[in-house]
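Please read the report below with the sequence and the 3D view side by side. Each section takes up one part of the chain.

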Amino acid sequence: MMKLKTIFLYMVFSGCLVWSGMAQESTTVVVRAKAKDAKFIGSSMNGARVTITDINTGELLAEGLTEGSTGDTERIMRQPHRRYVDLSSEGAAKFETTFELSEPTFVTISATAPVAQRQSEVTSSTQLWLIPGKDITGDGVVLEIPGFAIDILQPQAHERNSSDTMTIRANAVMMCGCPIEPGGMWDSDEMEFTAVVSKGEREVARKVMDYAGKQNTFETSFSPEEEGAYQITVYGYDSRTGNTGVDRTTFIK
């Protein structure tokens with residue numbers, strides 16, 4: 001038993017010497033951010049912010065934005081997905097970088113998106129080994145970004161409103177910027193958008209928001225009864241996928 005253990009330790013030690021003595025090799029890595037139940041996050045949403053960090057040293061090895069299109073709708077959303085067949089098409093958004101590695105390196109890869117809608121940003125990450133000379137290309141490392149990008153349009157932040165009835169309006173898109181509308185690929189009839197109005201710690205109204213006749217736009221009305229400061233939380237929810245999203249603002253009567 002001791003002899004086998006000695007042989008094993010020798011092999012491990014020898015392997016370390018081999019790796020440490022190797023010349024550096026170029027290793028290319030592709031990273032993509034894909035919206036949950038939607039497409040790749042690219043230039044139309046200012047991309048996803050990607051970082052690659054050495055877990056052992058904490059060193060930031062690479063960072064940048066995914067750039068390109070959201071990809072092929074037919075391939076991503078309609079066709080059956082097959083093993084070893086890329087979802088990405090030519091020009092689909094990605095971040096690509098090349099390292100010079102002399103030994104296997106354990107890294108964390110993170111993507112934060114969408115950069116164009118900071119109030120809705122979500123970070124997704126994974127960990128893996130980078131091996132010298134072994135590229136990770138094609139689809140590459142695909143990180144799923146869940147949620148809706150929601151932006152309250154009306155009332156404006158801290159707006160004073162003296163009207164008896166006011167409109168609450170919000171814009172909501174998939175995290176890749178893909179449109180939400182009745183009967184569309186991303187069907188708002190199957191989603192829920194709701195405005196919750198609070199005053200201090202007290203909820204005073206919960207209003208379902210209807211499609212406003214314009215792509216990605218949802219609204220409802222509210223009649224404040226008291227003077228003072230109010231908070232509005234608009235949330236989106238899709239029970240089929242578990243997708244959620246939130247934005248908040250305030251107004252004063």
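Which side chain meets that of E219 in a salt bridge?

The side chain of R169 is the partner of E219, at 2.8 Å from N to O. A salt bridge here is a side-chain nitrogen of Lys or Arg within 4 Å of a carboxyl oxygen of Asp or Glu. Since E219 belongs to strand β14 (residues 217-222) and R169 to strand β10, the pair ties together parts that are 50 residues apart in sequence. E219 is partly exposed, with a relative accessible area of 26%, and R169 is also partly exposed, at 24%. These words have cut-offs: buried means under 20% relative accessible area, exposed over 50%, and partly exposed in between, with a 1.4 Å probe and protein chains only.

This is a predicted model, in which local features need pLDDT of at least 70 and side-chain atom pairs count only at pLDDT 80 or more, while totals for chains, interfaces and linings use all residues. Residues are numbered from 1 along each chain as its sequence is written, and side-chain values use heavy atoms, with hydrogens and water left out.

## Other salt bridges

Side chains of opposite charge can pair when their charged atoms come close. Nine salt bridges are found in a search of the whole structure. One of them joins the side chains of R78 and E74, at 3.4 Å from N to O. R78 and E74 are four residues apart in helix α2 (residues 73-78), so about one helical turn separates them. Helices (H or I, at least four residues) and strands (E, at least two) are DSSP runs, numbered from the N terminus. R78 counts as exposed at 52% relative accessibility, whereas E74 counts as partly exposed at 35%.

D238 and R240 form another salt bridge, with their closest N and O atoms 2.9 Å apart. D238 is buried, with a relative accessible area of 1%, but R240 is partly exposed, at 47%. There is also a network of salt bridges that links R49, R118 and E121.

Two strands pair if DSSP finds at least two bridges between them.

Six bridges join β8 to strand β10 (residues 166-174) in the antiparallel sense. Across this pairing, Q154 stands opposite R169 in β10.

Why is strand β1 (residues 25-35) described as largely enclosed by the rest of the structure? The reason is that nine of its 11 residues are buried.

β1 runs antiparallel to β4, and seven bridges join them. With strand β7 (residues 136-145), β1 pairs in the parallel sense over six bridges. V29 takes part on both sides: T97 stands opposite V29 in β4, and I136 is the bridge partner of V29 in β7.

## Two residues in strands

S110 is located in strand β5 (residues 105-113). S110 is buried, with a relative accessible area of 15%. Leaving out residues up to four places away in sequence, S110 touches R49, V50, T51, T123, S124, S125 and L143. Contact means heavy atoms within 4.5 Å.

L60 is in strand β3 (residues 60-65) and is partly exposed, with a relative accessible area of 42%. With residues up to four places away in sequence again left out, L60 touches T51, I52 and T53. The C-alpha atoms of L60 and S89 are separated by 29 Å, and the two residues lie 29 residues apart along the chain.

## The largest pocket

Rolling a probe the size of a water molecule over the atoms shows where empty space is left. A pocket is an open set of points on a 1 Å grid over the protein atoms alone, where a 1.4 Å probe fits, with protein on both sides within 12 Å along at least five of seven lines; lining residues have an atom within 4 Å of a point. The largest pocket holds about 160 Å³ of space, a volume being the space filled by probe spheres set on the points, which are joined across faces, edges and corners.

The lining consists of D54, L61, F99, E100, L101, S102, E103, P104 and T105. Strand β4 (residues 95-101) gives the largest share, three residues. By class, four lining residues are nonpolar, two polar and three charged. In this scheme Ala, Val, Leu, Ile, Met, Phe, Trp, Tyr, Cys and Pro count as nonpolar, Asp, Glu, Lys and Arg as charged, and the others, Gly among them, as polar.
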